[in-house]
Amino acid sequence: MSLGNSLSCARKKAGMSQEAVAERLGVSRQTISKWELDETLPDICQSKKLSSLYRLTLDELIGFDLELKEIEEAIEHVSEEKQKEIDWTKAWSKKYPILAAYQQEVDTGPYAAKLQEMLASLKAGHGYSDEDAFLVLKDILAQIWNKG
């Protein structure tokens with residue numbers, strides 16, 4: 001996504017018009033439009049004002065991804081109790097059907113036993129809680145996947 005797109009998405013997410021942003025920054029609406037169309041770039045001072053106005057860090061503003069930001073906000077606002085109620089396998093199965101099918105095809109017992117051993121080893125060897133050991137193991141799997 002271009003910087004202009006990022007600026008436009010962040011402005012819209014903040015519920016502001018180009019006119020309102022221009023007024024707050026002391027520039028013309030055309031200047032905001034040119035930034036959002038990637039015709040020109042805001043200087044560092046204006047960029048700082050934009051990030052403050054949109055309640056984003058400069059890094060977030062530069063790489064603003066509305067979909068990613070909405071997902072992150074949704075995760076932050078879901079309580080622990082509600083997260084426990086969600087059937088994550090069912091939810092992710094809509095995107096990845098294998099998650100609904102594999103349990104009829106794969107004897108998970110041997111895999112579960114090995115994973116339990118790894119979790120116990122992480123807990124005993126490093127003093128991790130159940131959740132932390134699970135997250136470390138999940139992250140190790142993700143790293144293997146990303147290298148593959």
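## Two residues with positive phi

Aspartate 38 lies in the loop between H3 and H4; helices here are DSSP runs of H or I with at least four residues, numbered from the N terminus. The phi of aspartate 38 is near 60°, a positive value in a residue other than glycine. At 38% relative accessibility, this aspartate counts as partly exposed, a class that falls between buried (under 20% relative accessible area) and exposed (over 50%), computed with a 1.4 Å probe on protein chains only.

Arginine 55 sits in the loop between H4 and helix H5 (58-62). Its phi is also positive, near 60°, again in a residue other than glycine. Arginine 55 is exposed, with a relative accessible area of 74%. Most residues other than glycine have a negative phi.

## Basis of the model

This is a predicted model, in which local features need pLDDT of at least 70 and side-chain atom pairs count only at pLDDT 80 or more, while totals for chains, interfaces and linings use all residues. Residues are numbered from 1 along each chain as its sequence is written, and side-chain values use heavy atoms, with hydrogens and water left out.

## H2 against H3

Helix H2 (residues 18-25) packs on helix H3 (residues 29-36) at an angle of about 110°, and their axes are 8 Å apart. Axes are lines fitted to C-alpha atoms, for helices over the stretch in contact, and angles run from 0 to 180 degrees between N-to-C directions. H2 is therefore roughly perpendicular to H3, the term for angles of 65 to 115 degrees.

From H2, Gln18, Glu19, Val21, Ala22 and Leu25 meet Arg29, Ile32, Ser33, Trp35 and Glu36 of H3, contact meaning heavy atoms within 4.5 Å. The residues of this contact divide into five nonpolar, two polar and three charged.

## H2 against H4

H2 and H4 pack at about 120°, with 11 Å between their axes. The two helices are therefore oblique to each other. On the H2 side, Val21, Arg24 and Leu25 meet Gln46, Lys49, Leu50 and Leu53 in H4. By class, this contact has four nonpolar, one polar and two charged residues.

## Nonpolar core

The largest nonpolar core has 15 residues, and those with the most contacts inside it are Val21, Leu50, Tyr54 and Leu61. Such a core is a set of buried Ala, Val, Leu, Ile, Met, Phe, Trp, Tyr and Cys residues joined through side-chain atoms within 4.5 Å. Helix H1 (3-13), H2, H3 and helix H4 (44-53) are the elements that give two or more residues to this core.

Leaving aside neighbours within four places in sequence, leucine 61 is in contact with Leu3, Ser6, Leu7, Ala10, Ser47, Leu50, Ser51, Tyr54 and Leu56.

Notes
Parallel < 35°, antiparallel > 145°, perpendicular 65-115°, else oblique. Nonpolar A, V, L, I, M, F, W, Y, C, P; charged D, E, K, R; others polar.
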